[in-house]
Amino acid sequence: MDSNRLSADSRMRRARVNWWRWLPVHAVLVVCACKRGAEGPAQQQLVPEVTTLTVTEQRVVLTTELSGRTSAFRIAEVRPQVNGLIQKRLFTEGSDVKEGDALYQIDPAPFQAALDTAEAALARAEANLGAAKTRAGRYKEALADRAVSRQDYDDAVSALAQAEAEVRYHQATVESARINLGYAKVTSPIPGRIGASSVTDGAIVIAYQPAPLATVQQLDPIYVDVRQSATQLLRLQGKLGQGQIKRDGEGFNQVQLILPDGTPYPHQGTLQFRDVSVDPTTGMVTLRMVFPNPDKVLLPSMFVRAVVREGINERAILIPQQTVSRTPKGEPLTMVVDDKGNVRQQLLTLDRTIGNQWLVADGLKPGERIIVEGIQKVRPGTPVKEVPATQAAAQAQPGQAPEAGTAPEAGQAPEAGKAPEAGKAPEAGKAPEAGKAPEAGKAPEAGGAPPAGQAPVAPAGASGGAD
């Protein structure tokens, strides 16, 4: 009996001790539950805040970027025009030459000898021509006195004609020999840059041989040949015919060029022509442009990109790329705030990218408001609180500092005297600014920072500490 009474008393004393030990924990749980119950209605009534941009029409010059290659303005393959032995090469490979500059010297001795022979034959023919003229004149006078027969006179006149023909023949022979002697010095037919020589001194060459001795290419100006699909060309012609885009002035023949390293070419070119036929294997149309090349930056067969002007869209709608998302089917859409302040999805038809913006072909009208920031916090049908955004702020590239009056980027502390943007919190481990208190009813996390995704509210006269 006594032992049972003692064990019951000890259990009662242990229960009283455990009850006092767990009393603070119960109190904390009750206080937290009350606080959570008080915060619940406030959180349910919180309307997400988003940044919106009003859609406007603007004038945009439409361009298209086409890839292609450069080609020389003129190409001349240098070949010999007479047979002979190359005595000397007269140019430096890879240098610039002028029209008429001597490139090779072929042994001129045989051609000089042929010229001398032709000149001697011409002199003999001219001497015979003088004697024939004198004989014909005498026979004519004698024929009047009947001193010679008519046949003798006719023979003298025929000999004179033959002598004149001999002179003309030998004159042509002399000219031919002189031309061949000139061909012994091979010259450049065009100005430009000459490449490697295919022969050396002492080589035997043949007139008009298949293999050229060297090639000269004129690089200033230079051609750029790009290709455009026939589908794009038809679409462009359709837009021009429907009046969706216009072409005013002659500036649309001007073309910009982008070099292989991505840098713009400093000189503008001119669109010369579009080919009249479509390549049956690729379905492409060739466009040829002419660019000045005074510094010889462009070389033949270089891969480049040409920016061609298509026309002007007077009522273009541009929206930032970050406002466009995709459906599971890949259809582009954006979030729009209607007149009642609710969010709705709007499917879009996109034309192309212009910088960091989309050109919208269909789906938006001027005056509609699209959500630029805070898309992840809303769903279709959700009421939101709008904060208007400027066009410059909406187009700011990521990683750039915002302009004056715009909110700082995520992860950066706001400037002195400015509250962080709605819906964004300062970095973890950093307290709000002096004189700024977190939202009523919410205690900041360890280190003084409010929970991520919630912006501190700065009521007048509130301190920066916890409640």
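Arg-315 sits in strand β13, residues 303–320; helices (H or I, at least four residues) and strands (E, at least two) are DSSP runs, numbered from the N terminus. This is a predicted model, in which local features need pLDDT of at least 70, side-chain atom pairs count only at pLDDT 80 or more, and totals for chains, interfaces and linings use all residues. Residues are numbered from 1 along each chain as its sequence is written, and side-chain values use heavy atoms, with hydrogens and water left out.

Arg-315 is exposed, at a relative accessible area of 60%. Here buried means under 20% relative accessible area, exposed over 50%, and partly exposed in between (1.4 Å probe, protein chains only). Leaving out residues up to four places away in sequence, Arg-315 touches Glu-57 and Gln-58; contact means heavy atoms within 4.5 Å. Pro-366 is 51 residues from Arg-315 along the chain, and their C-alpha atoms are separated by 9.6 Å.

The side chains of Arg-315 and Glu-57 make a polar contact at 3.3 Å. A polar contact is a pair of N or O atoms within 3.5 Å; within protein, one must be able to donate a hydrogen and the other to accept it, and residues adjacent in sequence count only if both atoms are side-chain atoms.

## Salt bridges

Side chains of opposite charge can pair when their charged atoms come close. The whole structure holds 16 salt bridges, each a side-chain nitrogen of Lys or Arg within 4 Å of a carboxyl oxygen of Asp or Glu. One of them joins Glu-57 and Arg-315 (3.3 Å, N to O). Glu-57 belongs to strand β2 and Arg-315 to strand β13, so this pair ties together parts 258 residues apart in sequence. Glu-57 is partly exposed, at 34% relative accessibility.

Lys-385 bridges to Glu-49, with the closest N and O atoms 3.6 Å apart. Glu-49 is partly exposed, with a relative accessible area of 21%.

Asp-96 and Arg-193 form another salt bridge, at 3.1 Å between the closest N and O atoms. Asp-96 is in strand β4 (residues 96–97) and Arg-193 in strand β7, so parts 97 residues apart in sequence are tied together. Asp-96 is partly exposed at 48% relative accessibility. Arg-193 is partly exposed at 27%. Salt bridges with shared partners also join Glu-119, Glu-175 and Arg-178 into one network.

## Nonpolar cores

In soluble globular proteins, nonpolar side chains tend to be buried together. A nonpolar core is a set of buried Ala, Val, Leu, Ile, Met, Phe, Trp, Tyr and Cys residues joined through side-chain atoms within 4.5 Å. The largest has 20 residues; Ile-86, Phe-91, Leu-103, Tyr-104, Ile-106, Ile-194 and Val-216 touch the most other members. Strands β2 (57–78), β5 (102–106) and β9 (214–229) each supply at least two residues of this core. The largest share, three residues, comes from β5. Another core, of 16 residues, lies apart from it; Val-226, Leu-271, Leu-287 and Val-308 are among its members.

## Ser-188

Ser-188 lies in the loop between β6 (185–187) and β7 (192–194). Ser-188 is buried, with a relative accessible area of 2%. A polar atom of its side chain lies 2.6 Å from the backbone oxygen of Ile-190. Beyond its neighbours within four places in sequence, Ser-188 is in contact with Val-97, Lys-98, Glu-99, Gly-100, Asp-101, Leu-103 and Val-216.

## Helix α3

Helix α3 covers residues 150–183. At 1.5 Å a residue, its 34 residues should span 50 Å, and the end C-alpha atoms are 50 Å apart, which agrees. The expected span is 1.5 Å times one less than the number of residues. The buried residues of α3 are Tyr-153, Ala-156, Leu-160, Ala-163, Val-167, His-170, Val-174 and Ala-177. They pack against α2 (109–144).

## Confidence

The mean pLDDT of the protein is 78, and 72% of its residues reach 70 or more; pLDDT is the predictor's confidence in each residue, from 0 to 100. Over residues 37–44 pLDDT stays under 50, and the model has three contacts there beyond four places in sequence. Residues 397–467 also have pLDDT below 50, and this stretch has 88 contacts beyond near neighbours in sequence. Where pLDDT is low, the predicted coordinates should not be read in detail.
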